[in-house]
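Thank you for making time this morning.

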Amino acid sequence: MTFSDLHLKPSLLKALEKKAYTDPTPIQIELIPAIFKGGDILAGAQTGTGKTAAFALPILQDLSGKHQEGQHYPKAIVLVPTRELAKQVHQSFVEYGAFLPLRSEVLYGGGNFKAQENRLKKGADIIVTTTGRLLEHIGKHHLDLSAVKFLVMDEADTILDMGFLKEVSQILQYLPEKRQNILISATLSTPLKNLSRQILHKPKRIEVDSMGTAASLVKQIVYPVETEKKAELLSYLIGSRNYTMVMVFVRKKAEADMVAEELKLSGLKTAVIHGDKSSGERSRALNDFKEGKIRVLVATDIAARGLDIPDMEVVFSYDIPHVTQDYIHRIGRTGRAGKSGLAITLISPGEMVALREVERMLGRPLPQEKLEGYTPKVMGIQKGARKSEKKKSIEGAFGNKKKKSTTFSKTKKRKTTKRDGFKVYDADKSGKDKKKGRK
Ligand code: AMP
């Protein structure tokens, strides 16, 4: 299967050639024809699968076919959970559409509002945006969404996790009823199912076994270690194995800061991103990391969701994530787009139950390696803990029973609350002026 087999026009093929993409990925093979066909779509795919191109390419092709010179008004809205993802997805539209006469614009909280307004005045065909900031511009009459043909919700599970359901519902009121809705999510939780019922009409379901692919490319290892020795083991592994591009996931912001400090003290160039860091600090950390100026990027789960950082050598889970499915998001930072990767989890005795949940989601135990001097004396599940773990059949996110697990396994969330304070960042709430904003 090639991109031309997917009936993409020459100007898009030229852009893909420039990106050096040779073959379409599984999600692209499924999603591109489905979008061309029309109708609502519920797609299960995580970052790293090529999902952005899977929805961007057919949308660009469709819009360019009907485009009239000089007529730039919103025809596609792409909702994303974080500003970083907004910038990244917008950049993809710009690159894939480099030889088309379409304009993409990006909006996000924390960005200069006036500058965004001025750019919107020039007109845009595609708008990639966080929910709150879009509502703010609608409220100020900067946008008329009455001709929108495509609504994409990218990383819909994260949008809901971050508490933006209300904003999404408000945005829907400004969109025409007749439109194609494309909802993309790595996992399918109950709130997401409810949202898809609210938004999608008889959706085509596409589920790509991305975990199966990732699992074969990402080597996963668990190191048992006492909690107080984790930071030491982390810097030892990075240093002794000479890893040069490392991402470390930590559940809590304060702990992320502590881990980053420890690594710096060991002489490793390290930066940290989480919800308490300003937009500027986060962008700087990310750029420095991409440019190789720093060796280790410590991040909380939400801060790192959806970020496309190519060539990540190794991903560490300093602890087991808050939400079991986040393990998949974490290891998805490595082994991207067909490359191999390494995912290392540091596990303390108290985290054994949580590790079992991850293993159940994956459908197999993870290999453990023990390092002398770091292995805890007692390692095992405390008495009684196992009893609370209900034996569950593993299902695909969309309810299909599977022999083996996939990314979309139904695993009970241990806790689902707004994590990482990002609500504060993107909470540029402005749904107050509903409807009024319509031109
Ligand atoms: P995404 O899942 O959209 O975040 O994409 C993950 C990475 O895969 C990005 O760096 C893309 O540039 C890259 N990518 C997307 N499609 C392809 C493809 N067909 N071949 C190679 N790389 C790709």
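Let me begin with a question: how close do the axes of helix α2 and α3 come, and at roughly what angle do they cross? Before I answer, please keep in mind that this is a predicted model, in which local features need pLDDT of at least 70 and side-chain atom pairs count only at pLDDT 80 or more, while totals for chains, interfaces and linings use all residues. Residues are numbered from 1 along each chain as its sequence is written.

The axes of helix α2, residues 26-37, and α3 come within 8 Å and cross at roughly 25°; here axes are lines fitted to C-alpha atoms, for helices over the stretch in contact, and angles run from 0 to 180 degrees between N-to-C directions. The two helices, α2 and α3, are therefore roughly parallel to each other, given that angles under 35 degrees count as roughly parallel, over 145 as roughly antiparallel, 65 to 115 as roughly perpendicular and the rest as oblique. Their crossing is right-handed, meaning that the near helix is turned clockwise from the far one by less than a right angle, with anticlockwise being left-handed. Among the residues making the contact are Leu-31 and Phe-36 of α2 and Phe-55 and Ile-59 of α3, where contact requires C-beta atoms, placed from the backbone, to lie within 7 Å.

For the chain as a whole, the secondary structure comes to 17 helices and 13 strands, which are DSSP runs numbered from the N terminus (helices H or I, at least four residues; strands E, at least two). Of its 439 residues, 48% count as buried, a residue being buried if 20 or more other C-beta atoms lie within 10 Å of its own, exposed if 12 or fewer, and partly exposed in between.

Leaving aside residues up to four places away in sequence, Val-248 touches Leu-234, Val-259, Val-296, Val-298, Phe-316 and Tyr-318.

Within α6 sits Leu-134, which counts as buried because it has 30 C-beta neighbours inside 10 Å. Beyond four places in sequence, Leu-134 touches Leu-107, Thr-129 and Ile-171. On the α8 side, Lys-166 is partly exposed, since 13 other C-beta atoms lie within 10 Å.

Finally, is Asp-157 buried or exposed? Asp-157, in helix α7 (residues 156-161), is buried, because 26 other C-beta atoms lie within 10 Å. Its C-alpha atom is separated by 8.2 Å from that of Ile-184, 27 residues apart along the chain.

How values were computed:
Contact = placed C-beta atoms within 7 Å.
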